[in-house]
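Student: Could you take me on a close look at one part of this model and show me how it sits among its surroundings? I would enjoy one connected account, with the cut-offs spelled out as you go.

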Amino acid sequence: MPVNNRIADFHDEITEWRRTIHQHPGLLYDVEETAALVVDKLKEFGVDEIVENVGRTGVVAVIKGRKNDSGKVIGMRADMDALPIVEKRDLPHKSKYEGKMHACGHDGHTAMLLGAAKYLAETRNFDGTAVMIFQPAEEGGAGGKAMCDDGMMERFGVQEVYGLHNMPGMPVGEFAIRPGPLMAGTDEFTITIEGQGAHAAQPHNGNDPIMIATQMVQALQTVVSRNVDPLSSAVLTVTAIHAGKAYNVIPQEAQFYGTVRTLDREVRAMVLERIKTITQGIAEAYGAKVDVKLKEGYPVTSNHEAQTSFAAAVAKDVVGESRVNMDQLPVMGGEDFSYMLEERPGAFIFMGNGDTAGLHHEEYDFNDEAIPVGSSYWAKIAETAMPAG
Ligand code: NI
């Protein structure tokens, strides 16, 4: 099968939904308009169950196959939120809300999953249950986590979960994937040293938090060079350091902060642990107190082996063997589908968006030519994972 014929018939209709969503973007959890459109369409398709407000403004739909002997439940996820960017191009479907824009193609993701829902609700040519997940707040609000924390996986009995993102610069009709880490885990640290200030000419009366902070910054450089396996990768960058305001005063406090990027759960945990150990050890050596704040960002998006092979096989079925790259290099951006992959086995795949502006760019627009490819991929995920026989 290349692109599914019935889905090709829906191309214009899905394009219309996509453009309507594009015109009415919402940020983070404020995706009520898009969620309402999704619910309207799902009702029209006659899906078996629609649950709103999962993870605040997320929507979940259940579509039962014509048989349910297999007992299988497959989750498929699209994100619905836009970005705080002023849209530059004067498209006929340009954003109606100044300063909000679908610059990451989540309008396309949502429309394609809806297209698959329409097809699956009409044909029901599978043995099991398809769970369509429409999530808010992918762009930094951890909406994927909110849906998981709401008990989504248990409530709908999801056994495996799949996600997709468009990729500008990759031709339409191509896919790319890899087993294991595909996107980075992102974390932030803030280190505050509470020391003893003093007169600049009487340093022996204090313990100089500036000197302590600089020693910590130096020592933290050993985490990547001396603790991370040379064949793994990590980045630890101090991006700010603040202390003092006078030429003749040693301040009481110093603070610095920065970011950590990793592609592996164990490396990530080790790096964060080393930050604590090193800064606490140095503070203790100089008789100062240290407060270490770690702000967890999204975890590493790590594809499960068997589900990656399965997703790649489905993609090959849609676009042909030679158009699926199985060795995609990891990308250092974050993605909150990672939370779903921590709860259930699954895989995240990139799909070509053609020669468009890059993600998060003011001139970006989702490529509607990719719609039949993405919707066919989703339909085929359900039909292949749960064959009707
Ligand atoms: Ni995105």
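**Around helix α9**

Tutor: Helices (H or I, at least four residues) and strands (E, at least two) are DSSP runs here, numbered from the N terminus. Please keep in mind that the model is predicted: local features need pLDDT of at least 70 and side-chain atom pairs count only at pLDDT 80 or more, while totals for chains, interfaces and linings use all residues. Residues are numbered from 1 along each chain as its sequence is written, and side-chain values use heavy atoms, with hydrogens and water left out.

Let's begin with the helix itself. The expected span of a helix is 1.5 Å times one less than its number of residues. For α9, with 15 residues (305–319), that gives 21 Å, and the end C-alpha atoms are 21 Å apart, so the two agree. Its buried residues (under 20% relative accessible area; exposed is over 50%, partly exposed in between; 1.4 Å probe, protein chains only) are Q307, T308, F310, A311, A312, V314, A315, V318 and V319. They pack against the strands β5 (160–167), β6 (175–176), β14 (301–303), β15 and β16 (346–352), and against helix α11 (371–385).

Contact means heavy atoms within 4.5 Å. Beyond four places in sequence, F175 touches A315 and V319, and its other contacts include L164, M170, V324, I349, F350 and Y377. F175 and Y377 are also among the residues with the most contacts inside the largest nonpolar core, which has 60 residues; L42, M132 and F134 are the others named there. Helix α4 (residues 106–123) supplies the largest share of this core, nine residues. By definition, such a core is a set of buried Ala, Val, Leu, Ile, Met, Phe, Trp, Tyr and Cys residues joined through side-chain atoms within 4.5 Å.

The loop between β15 (324–325) and α10 (337–343) holds Q328, which counts as buried because its relative accessible area is 14%. Neighbours within four places aside, Q328 is in contact with M170, A176, I177, R178, L182 and F350. The loop between β16 and α11 holds H360. Phi of H360 is near 70°, positive although the residue is not a glycine. H360 has 39% relative accessibility, so it counts as partly exposed.

Helix α7 (residues 209–227) has 19 residues, which should span 27 Å at 1.5 Å a residue; the end C-alpha atoms are 26 Å apart, which agrees. Its buried residues include P209, I212, A213, M216, V217, L220 and V223. They cover an arc of only 140° around the axis, so they lie on the same side of α7; the arc is that of the directions from the helix axis to the C-beta atoms. An α-helix has 3.6 residues a turn, so residues three or four places apart point the same way. Q218 and R226, on the other side of α7, are exposed. Among the elements covering its buried residues are β8 (185–194), β10 (234–243), β12 (253–262) and α8 (265–285). At the N-terminal end, D208 caps α7, with a side-chain oxygen 3.0 Å from the backbone nitrogen of I210.

Lastly, the metal site. The nickel ion has the protein donors C104 (SG), H106 (NE2) and H165 (NE2), at 2.1 to 2.2 Å. Donors are N, O and S atoms within 2.8 Å of the metal (3.2 Å for Na, K and Ca), and water is not among the atoms, so sites may look incomplete. The donor residues follow the spacing C-x1-H-x58-H, and both C104 and H106 are buried.

Buried residues make up 56% of its 389 residues. Of the contacts with a separation of 6 or more, 81% join residues 24 or more positions apart.

Technical notes:
A polar contact is a pair of N or O atoms within 3.5 Å; within protein, one must be able to donate a hydrogen and the other to accept it, and residues adjacent in sequence count only if both atoms are side-chain atoms.
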